[in-house]
Number of protein chains: 2
Amino acid sequence: MATTTAAQKRAATKAVYDAFLAGCPSRKLLDRISDKWVALVLAALGSGPDCAGEPRAMRYSELARLLAGVSQKMLTQTLRALERDGLITRTATPTVPVTVTYELTGLGLSLHEMMRGLKTWAQANMDEVLTNRSAYDSRSR
Amino acid sequence: MATTTAAQKRAATKAVYDAFLAGCPSRKLLDRISDKWVALVLAALGSGPDCAGEPRAMRYSELARLLAGVSQKMLTQTLRALERDGLITRTATPTVPVTVTYELTGLGLSLHEMMRGLKTWAQANMDEVLTNRSAYDSRSR
DNA sequence: CAGTATCCAGCTAGATACTG
DNA sequence: CAGTATCTAGCTGGATACTG
């Protein structure tokens with residue numbers, strides 16, 4: 001039926017695109033790293049407090065103190081998610097009271113490196129974006 | 001007063017960290033690109049429908065058709081945000097009815113290149129993440 | 001110390017309807 | 001064709017309180 005061809009084409013396109021989205025590794029990656037606290041935990045474990053040091057293990061309370069403003073709920077949730085993905089390891093030492101440390105895995109370290117590339121782009125270009133933004137705003141107002 | 005020193009220290013740390021967060025270019029970049037439709041529009045304008053072609057201008061309706069599932073509201077909102085940031089240009093041709101095309105700027109193209117690096121990491125490593133994820137789930141259940 | 005459990009306010013995405 | 005306007009349901013994140 002020639003009259004349904006166009007509609008069929010569009011449906012096919014949508015199906016392909018939906019599948020692309022659902023399976024897209026980039027989308028999954030973005031979903032993970034775009035989380036505010038994920039990025040910060042990664043930065044903390046990967047580069048220390050000032051984002052300029054060495055990767056090192058940190059305790060739960062140390063992270064909580066460093067990421068000022070994070071709620072316990074979000075910190076725990078974030079750490080669990082990263083552990084689940086194999087990006088960090090959780091180590092509990094049965095002292096009294098218990099001591100728990102978190103550390104980047106090789107995979108987590110690799111992700112951290114990738115995010116430094118992102119950081120480089122941001123430092124090089126976000127000023128221009130911000131300039132464009134305020135120029136646009138003053139024009140339309 | 002020596003008794004307030006610890007509290008003062010923590011308050012100072014928090015203040016520094018809050019300032020770091022507010023001004024951090026990386027944070028602003030993440031806020032922009034983590035948006036689902038931003039990433040998709042960038043990919044569409046930068047690499048064509050199949051993410052493998054050349055950067056080219058596209059019409060509003062063409063984008064709407066390609067990004068199957070996007071609402072008019074979100075598409076318009078996304079395009080406005082990208083235009084505001086100087087990442088794409090909007091060109092309206094006064095035909096009847098009006099024709100509007102969107103195209104990446106140099107800055108937008110540069111961002112698109114950066115995101116291809118992210119895509120590379122995702123394609124190389126997300127499989128491992130997904131494996132870890134299901135292993136973790138089957139362990140704890 | 002290192003969490004877990006619960007509740008709720010705020011924002012946002014999407015559906016829907018309308019227009020120059 | 002390319003939008004704008006409005007409404008609302010659902011999710012997310014934070015505050016709070018409790019615990020092995």
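The model is predicted: local features need pLDDT of at least 70, side-chain atom pairs count only at pLDDT 80 or more, and totals for chains, interfaces and linings use all residues. Residues are numbered from 1 along each chain as its sequence is written, chains are lettered from A and ligands numbered from 1 in the order in which they are written, and side-chain values use heavy atoms, with hydrogens and water left out.

An N or O atom of the Tyr102(B) side chain lies 2.6 Å from a phosphate oxygen. A polar atom of its side chain is 2.4 Å from a base oxygen of DNA strand D.

In total, 17 residues surround DNA strand D. A residue is near the strand if one of its heavy atoms lies within 4 Å of it. The closest are Lys73(A), Ser61(B), Thr76(B), Arg90(B) and Tyr102(B). Of the DNA strand D atoms that come within 4 Å of the protein, 60% belong to sugar and phosphate. The nearby surface holds seven nonpolar, five polar and five charged residues. Here Ala, Val, Leu, Ile, Met, Phe, Trp, Tyr, Cys and Pro count as nonpolar, Asp, Glu, Lys and Arg as charged, and the others, Gly among them, as polar.

Four elements each supply at least two residues of this surface: helix 5 (72-84) of chain A, and helix 4 (60-66), helix 5 (72-84) and strand 3 (99-104) of chain B. Helices (H or I, at least four residues) and strands (E, at least two) are DSSP runs, numbered from the N terminus. Helix 5 of chain B gives the largest share, four residues.

Helix 5 of chain B also packs on helix 3 (residues 36-47) of chain B, at about 70° with axes 10 Å apart. Axes are lines fitted to C-alpha atoms, for helices over the stretch in contact, and angles run from 0 to 180 degrees between N-to-C directions. The two helices are therefore roughly perpendicular (65 to 115 degrees; under 35 is roughly parallel, over 145 roughly antiparallel, the rest oblique). The residues of this contact (heavy atoms within 4.5 Å) comprise eight nonpolar, one polar and no charged.

Terms used. A polar contact is a pair of N or O atoms within 3.5 Å; within protein, one must be able to donate a hydrogen and the other to accept it, and residues adjacent in sequence count only if both atoms are side-chain atoms.
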